[in-house]
Every structure is written in C-alpha cells, then in structure tokens.
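Subject: Structure for your review

Dear colleague,

Please find the structure below, followed by notes on what was found in it. I would be glad if you read the notes alongside the coordinates.

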Amino acid sequence: MEQLSLFKSPSRWTVADLTRHLRQLLESNEALQNIWVQGEISNLARPASGHLYFTLKDSAASLRCVMWRSDATRLRLALQDGMAVEVHGGIRVYEPQGQYQLQVDAIRPLGEGALYQEFLRLKALLEAEGLFDPERKRAVPELPRRIGIVTSPSGAALRDMLNTLRRRYPLADVILAASPVQGDEAPPGLVAALQNLNRVAQPDVILLARGGGSIEDLWAFNDERVVRAIVASEAPVITGVGHETDFTLADFAADLRAPTPTAAAELATPVTILDLQAGLTFSTSRLETAIYALFDGQRGLLDSLQSNLRFCSPLRRVQTERQRLDDLSRRGNAAQAHRLALELSQLKGLERRLSALNPMAVLSRGYAVVTDKQNDKIVSSAALVKTGDDLNVRVADGNFDVRVTQ
Amino acid sequence: MSKNADIKPVTELTYEQAFAELEGILSALETEQRPLEETMALFERGQALVKRCAELLDKAEIKVRQLSGEELTSFVESQV
C-alpha cells in the first residue's frame, strides 16, 4: 500500500536518503541475513588488504560478494575462479556505489551441504539404535599392557601417538594396524584393521586416529561401517580424529573421544611412568616402616627375655641351694647334703667360668688398672707418668688415688 | 604369599606381577603377625621386588609391532 501511495503522489528523495532507505530495508530483513547461496566463483580478487572480492554467478544472474580479512584467514578452501561453492552470509548495501552485495563469512564446496544432511540423517539413525548411549561406553584400563593403533603408517598422527606413549608409558606393547584414513578405501580399511586387531592381537585399548584435515578428509570417520566396527570392538576404542570442533560419528560411537591423536594417546595412558615411580617410592617407605615397627617389637621382647635370663642366673641358684643345704644339714640329712655340696661346687665352678669372661675378673688375681687422673688414659708404660702426677688405681673391690713420687 | 615353589625369581616377573606381589607383601607385613624369620624373608622379597620394579621402569622401552594379515611383524619407525 505504501509503495502504491508512493506512485500516486511521487515523493522527493536525495540519492543518499533513498540509498539509506534501501539499505535499511534489505539489512533489517531477517530472511536475507543468514543465508547459504550456491553459485560459481568468478572475478576473484585478493588485494593487499587481505579482504576477498568475487562474484558468485549461475546461468541467470550474478551476486557481488565480499569476505573480510578476519573471515578470509579462517578459510580452509583454496578458492579459484570457476569453483562451485556455497557461501554463507548476509546481504549488505554499499552506499557509495549503490550496490547490494553478500557479506560472506564462510565458504564450503558445493555438495558439502548435502553431505551434512546425510551426516545428520545417519547420526539420528545410529543414535536411535542406541549405538551412542553413554551406558555403552567401556572403561579404559589404567595400565594397558597392549595398545592397538589404527591409523595411516605414514602420517604425523602415528609419530605423535608413539612419541606420547613412549614419553608417558613406555611399558606398553604397541600393535599398529595400518589403514588408509581418507578416500573410498578408508572405511573398509579401518573396519578390517579394527577387526584384525581384536582377533589377532587382543589389545587392552585401541587408538583410532588421524591428523587434522578438512571435513571431506575426515569423512571416512562418519561412515556407518566404521561406526559399527567401533561398537563391535572387543577392546575399548579412543578416537583422535584431528579436528578440534567437529565431532565425527566415530567420535560419538567411541568409548572416549580426544580432539587430536596426541590427546588420544594421553587418554590411553591415564597413569604415567612418573606415577609408577612415585608409587614405588611410597611402597619402599611402607616396607621400611613395617620392618622397623617389627624390629622395635622384637627389641622389646629381647629386653624382657634378658631380665628373665638374669632371674635364672647361676648366682641366684647358688644362693638358693646354699640355703637349702643349710636347711638340710640342720635336719641331718648328710647324704642329701653331700650331693648338694657337690652340686654347689659345680655351680661355683660355673660361676667362676662366667666371671672369667668378665675383663674385671683379672683384678681379683691381684692385678690393678692404673689411669692418669688428668686424661683418664690407662698408664701402660712408665714413660707416660712423671713425678707429681696424680694417678688412680683400680683393684678388684674398689679404687684409690696415688701420687708419683719417683 | 605362601612359601611354596610358586614363588618365582623376581627376574621372571613382569612389572604388573612384581608390583601386585609387592602390594601383597606390604599388606601382610602391615596387618599380620608372623614368625620373625618369615617376616624377614618377606621383607627381603619385598626389597627384591622393589628393585625389580625400579629396573623395569628404568629400562622400559616401548615395543612397536605391525599387524600384517595374521602376523605381528616388527615395525621400523624410520618409516614414519
């Protein structure tokens, strides 16, 4: 109605006002701001500013496009004229030239949209089947004896994983099952590698990985056959498909998902050799603590045994027996007294032999130990003393001091 | 943890076996009363197991093989 009234009574505009009005009309239209447009790239220009300019055309029309440098640097695609693409963005009006254009923030090869639709369809199907259920996920062993790797034998992914395993857990035994990781032969190759690993090598855990790449490069990891082989694997599977943001269907089916091959190798080795070494140090101290506690207990036992032994010493028996002898003598039991006297003398012999072992016993035979009072050293030579020195003499039953007079 | 002939020389044990036996000895020493001689034997066995584990960790080197068909063949990493 408004447009109609505009024609009925023509209003007057400046170019600037009209252009601004058109700009507001187009740019405020939600339907034009979040769109995918298909076409072929032409007139591609890359000035030094880093922005990208091109025209998107099909058989009937053309659309001017601009991609600002901040978006252009994130582009994974090598653009060239003639390329069939889908571009994403919103319609803008460039007022100085009165041109409308598409301000592009993402570009993907034509066909990827269809690929994505297929991805969503398959994901919904497998999800409904329960293949991605959290309850299905198996635990990864803490100390894997054998680690299976399914990847390309010539990629950086394998090198990264082996380096990580070597650094973190060199006790592992690694079995590589090589497979192509992109292209048509990748899905059957990955499936065969997973099956053979499980059947022949029986690993404790499997790393399924490849290095980073474009979505198309990673497409084998969205293949239904690969997803089902992961689910069927005896050993838990950790995926490390090098793509930080996008999940593949293999990631959803895996028991653990890591963003890179290196991170997958880390998840496969939750306990590192450093942890084991620390554990061993702890075990050693436990072992020592246990044995010291035991020694302390035994030492206490030994002390009490020693006092028991003292209680049973022959000296004690000599005294007891002597008393018994006196007692018996009093009672006139001569024969018994004689036997006891004999036993007593044997005991005395025993006592003498015991005391002979005592270094001090020799003193009872008249020897003395002479020490210099100044330094407490034993005087073993006349040359060690001089007139006026104070000495100590120790004999069997005590000691006394003397002074050297000559 | 018996004294029987099933006790292998430590050099024949893998890390996991040696560590599991060490754990058993530790809990026996920490919780059970045994004759001194037996305890000393356990302690010495424990020390030997610690030494074995430490050696295995020190010289651990990852072993990489490749599955080709039904066979495990050696894998030369310079291929990478």
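Predicted model: local features only at pLDDT ≥ 70, side-chain atom pairs only at ≥ 80, totals over all residues.

Residues are numbered from 1 along each chain as its sequence is written, and chains are lettered from A and ligands numbered from 1 in the order in which they are written.

The contact between the chains takes 33 residues from chain A and 29 residues from chain B, two residues being in contact if their C-beta atoms, placed from the backbone, lie within 7 Å. On the side of chain A that touches chain B, α5 (156-168), β7 (173-178), α6 (186-201) and α10 each supply at least two residues, and the largest share, 12 residues, comes from α10(A). By class, that side of chain A has 23 nonpolar, six polar and four charged residues (Ala, Val, Leu, Ile, Met, Phe, Trp, Tyr, Cys and Pro count as nonpolar, Asp, Glu, Lys and Arg as charged, and the others, Gly among them, as polar).

Helix α10 of chain A (residues 273-311) packs against helix α2 of chain B (residues 36-59) at an angle of about 165 degrees, with their axes 10 Å apart; axes are lines fitted to C-alpha atoms, for helices over the stretch in contact, and angles run from 0 to 180 degrees between N-to-C directions. That angle makes α10(A) roughly antiparallel to α2(B), a term used for angles over 145 degrees. Residues making the contact include A:L280, A:L287 and A:I291 of α10(A) and B:F43, B:G46 and B:V50 of α2(B). By class, the contact of these two helices has 12 nonpolar, seven polar and no charged residues.

Elsewhere in chain A, an open sheet of three strands has the order β11-β12-β13, with antiparallel pairing. β11 (369-372) and β13 (398-403) stand at the edges with a single partner strand each, so one side of each is left without a neighbour in the sheet. Four bridges join β11(A) to β12(A) (residues 390-395), and A:D372 stands opposite A:L391 in β12(A).

With best regards

Technical notes: Parallel < 35°, antiparallel > 145°, perpendicular 65-115°, else oblique. Pairing = 2+ DSSP bridges.
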